[in-house]
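Colleague: I'd like to learn how to read a model like this one, going from single residues up to the whole chain. Could you walk me through it?

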Amino acid sequence: MTRIAIIGGGPGGYEAALVAAQLGAQVTVIEEDGPGGACVLTDCVPSKTLIATSVRKQALLDAASLGVHFTGGGDGEVGGVMVDMPLVNKRVKELAQAQSADIAARLRAEGVEVVRARGRLVDPQVVRAGDRTIRADVVIVATGATPRVLPGAEPDGERILNWRQLYDLPELPEHLVVVGSGVTGAEFAGAYRSLGSEVTLVSSRDRMMPNEDADAAEVLEEVYRRRGMNVMGRSRASSVRRTPDGVVVTLEDGRTAEGSHCLMTVGMVPNTSGLGLEEAGVGLDRNGFIEVDKVSRTSAPGVYAAGDCTGVLMLASVAAMQGRIAVWHALGEAVQPLRLATVAANIFTDPEIATVGVAQRQIEAGEIEANVVKLPLATNARAKMQGFNDGFVKLFCRPHTGIILGGVIVAPRASELILAVSVAVQQRLTVDQLAHTFAVYPSLSGSVTEAARRLMQPS
C-alpha cells in the first residue's frame with residue numbers, strides 16, 4: 001500500500017487526501033490549525049460569509065427602487081436597516097468551524113489520519129509532525145500562504161489589521177482605510193461600505209484591481225464611488241500609525257488618509273520557511289514559492305506541492321486541482337496537466353466579477369486573435385426586473401472557427417453564471433453551439449447565449 005503524507009490541510013491538502021484514500025493509499029494529513037486550513041478557518045470561507053451578509057444589506061438599501069420602503073431608523077441604523085456586528089462575526093466564525101468539522105468528518109469516513117501538528121520534511125520520504133516521525137512513499141506540501149506585512153504598518157489586531165483579524169472587532173469600523181486595491185482589498189472595501197462603514201480604498205495604481213479585466217474594474221469602481229466610497233488612485237502607502245482614536249495612513253507623496261481602523265491587503269507570502277524544503281532538495285523561487293511543474297512535482301523525487309505555497313494561481317479551486325493531479329500522477333493514474341487557460345475565477349464583490357480563459361489584455365496586445373462582444377446587463381430583461389443596472393457579459397472567440405476562448409461576467413452571482421462559459425472553454429465549444437443552447441427567458445444567463453449569437457458568423 002502506498003503511503004502518502006500531506007503537510008497542510010487546506011484545499012490542496014484535503015482534496016489530495018480524499019482522492020488518495022479513494023485510490024487505496026494510506027494517507028496522513030498533518031495540519032496545525034484544523035481541517036480546511038486557513039482557507040476554511042480564516043480566509044476564503046469567513047470572508048465570503050461576511051460578504052454574503054453585506055450583499056443582503058445592500059439589497060435592502062437598494063429595495064426602494066423596486067417600490068419597497070423601510071420606515072424608522074435610529075442609533076446604529078442606516079436607512080432603517082441595522083447591522084449587529086457581534087452577531088455577524090459570531091456567525092462567520094461558527095460557519096468556518098462547521099465547515100472545518102464537515103471536512104474532518106469526511107476525511108475520517110475515508111480512513112484518512114489527521115495529525116494536529118506542524119509538519120516539516122526531514123528528507124523526501126520522512127516527515128516530522130510534532131513528536132512523530134512519519135515515513136511516506138509520497139509527500140505533498142500544501143502549506144498555503146500568509147498575509148504580507150508592510151514594514152511600517154505592522155498589524156496590531158486592534159486598529160491596524162490583516163483580514164484574519166477583522167472578525168474579532170467588537171463593532172463595525174466607523175471609517176475603514178483599506179490599503180491595497182487588489183481582489184482582497186476590493187472585496188473587503190465593498191463589504192464594509194455596504195455594511196455601513198465609511199471606507200477609503202488606497203490604490204497604488206491608476207485603478208483598482210489593475211490585474212483584472214479593465215472594463216470590469218471600471219464598472220466596480222463606478223459602483224463603489226456611487227455608494228460613497230473614497231477611492232484614492234496612484235496612492236502608495238508608506239506607513240500606518242495609531243492615533244488616540246484611530247489611524248493615519250501616510251502616502252509616499254506626503255498625503256494622509258485618516259480613519260478609525262486600517263485593513264492591510266498587500267499580498268501574500270508563502271508558508272515555506274522552516275519546513276526543511278531546501279535541505280530536502282525542494283527548489284524555491286526568489287520569492288520563496290515552491291517551484292512545481294504542471295503535474296505538481298517539485299525538484300525532489302517523490303515530493304509534490306499544491307496550493308498557495310506554489311504561487312501558481314492563488315485560488316482554492318486551483319489548489320484542490322493541483323492536489324488531485326499530484327495524487328493521480330504519483331499513483332500512476334491517467335492525468336491531464338494543469339491548464340490555467342481553463343480556470344474559472346470569481347471576485348466576490350457586489351456585483352461579482354467572474355472570468356475564464358483568455359483575457360482582454362492578451363487580445364489587445366496582439367498575443368491572441370479573437371472576436372469580442374460585450375453586452376450590457378442593463379439590456380437584459382431579468383436584470384431590469386431585479387433592478388440590476390451595472391455589469392455586462394463579454395465573450396471571446398476565434399475569428400474563423402468560432403471556438404470560445406473565454407469570457408467575463410460582471411453581475412450578481414456571476415460565480416454561478418460563468419459555469420456555462422467555463423464548460424464551453426474546457427470542451428472547446430463554438431459560439432454556434434452555445435447560441436443554439438436553450439436559456440430560460442427571462443434570465444441573466446440568457447445574456448450568455450445572446451452574446452454567442454452576436455458572435456456567430458454567416459456560413
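**Reading the model, residue by residue**

Modeller: Let's start with R159: its relative accessibility is 22%, so R159 counts as partly exposed. Keep in mind that this is a predicted model.

Colleague: Where is R159 found, and what is it in contact with?

Modeller: R159 is found in the loop between β10 (145-147) and β11 (160-161). Setting aside neighbours within four places in sequence, its contacts are R242, D245, G246, V247, S260, H261 and C262. For a sense of scale, R159 and M321 are 37 Å apart in space, C-alpha to C-alpha, and 162 residues apart in sequence.

Colleague: And S197, is that one buried or exposed?

Modeller: Buried is under 20% relative accessible area. S197 has 0% relative accessibility, so it counts as buried. S197 is also a loop residue, between α5 (183-195) and β13 (198-202). Beyond its neighbours within four places in sequence, S197 is in contact with L172, P173, E174 and Y192.

Colleague: How should I read a helix, then? Which residues of α12 are buried?

Modeller: The general idea first: an α-helix has 3.6 residues a turn, so residues three or four places apart point the same way. Now the case here: α12 spans residues 446-455 and is mostly covered, with seven of its 10 residues buried. Those are G446, S447, V448, T449, A451, A452 and L455.

Colleague: What covers the buried residues of α12?

Modeller: The cover includes strands β23 (371-376), β24 (392-397) and β25 (404-411), along with helices α10 (414-426) and α11 (431-435).

Colleague: Which residues does the UniProt domain annotation cover?

Modeller: The unreviewed UniProt entry puts "domain: Pyridine nucleotide-disulphide oxidoreductase dimerisation" at residues 344-452. In the model that span is 33% helix and 28% strand, and its end C-alpha atoms lie 18 Å apart.

Colleague: Now zoom out. How many helices and strands does the protein chain have?

Modeller: There are 12 helices and 25 strands. For overall shape, compare the radius of gyration with the globule rule: a compact globule of 459 residues would come out near 23 Å, and the protein chain has 23 Å, which agrees. The C-alpha atoms fill a box of roughly 70 × 65 × 45 Å along the principal axes.

Colleague: What about burial and contacts over the protein chain?

Modeller: Of the 459 residues, 49% count as buried. Among contacts between residues at least 6 apart in sequence, 63% join residues at least 24 apart.

Colleague: And the surface and charges?

Modeller: The protein chain exposes about 21,200 Å², with carbon and sulfur atoms supplying 49% of it. The mean positions of its 44 positive and 51 negative charges are 3 Å apart.

Notes:
Residues numbered from 1 in each chain as written. Predicted model: local features only at pLDDT ≥ 70, side-chain atom pairs only at ≥ 80, totals over all residues. Heavy atoms only, no water. Helix = DSSP H or I, 4+ residues; strand = E, 2+ residues; numbered from the N terminus. Rg over C-alpha atoms; globule rule 2.2 N^0.38 Å. Buried < 20%, exposed > 50% of the residue type's maximum accessible area, 1.4 Å probe, protein only. Contact = heavy atoms within 4.5 Å. Areas by Shrake-Rupley, 256 points an atom, 1.4 Å probe, with all protein chains shown as cover. Lys, Arg positive; Asp, Glu negative; His and termini not counted. Charge placed at Lys NZ, Arg CZ, Asp CG, Glu CD. UniProt positions renumbered as here; feature names shortened; annotations may be inferred.
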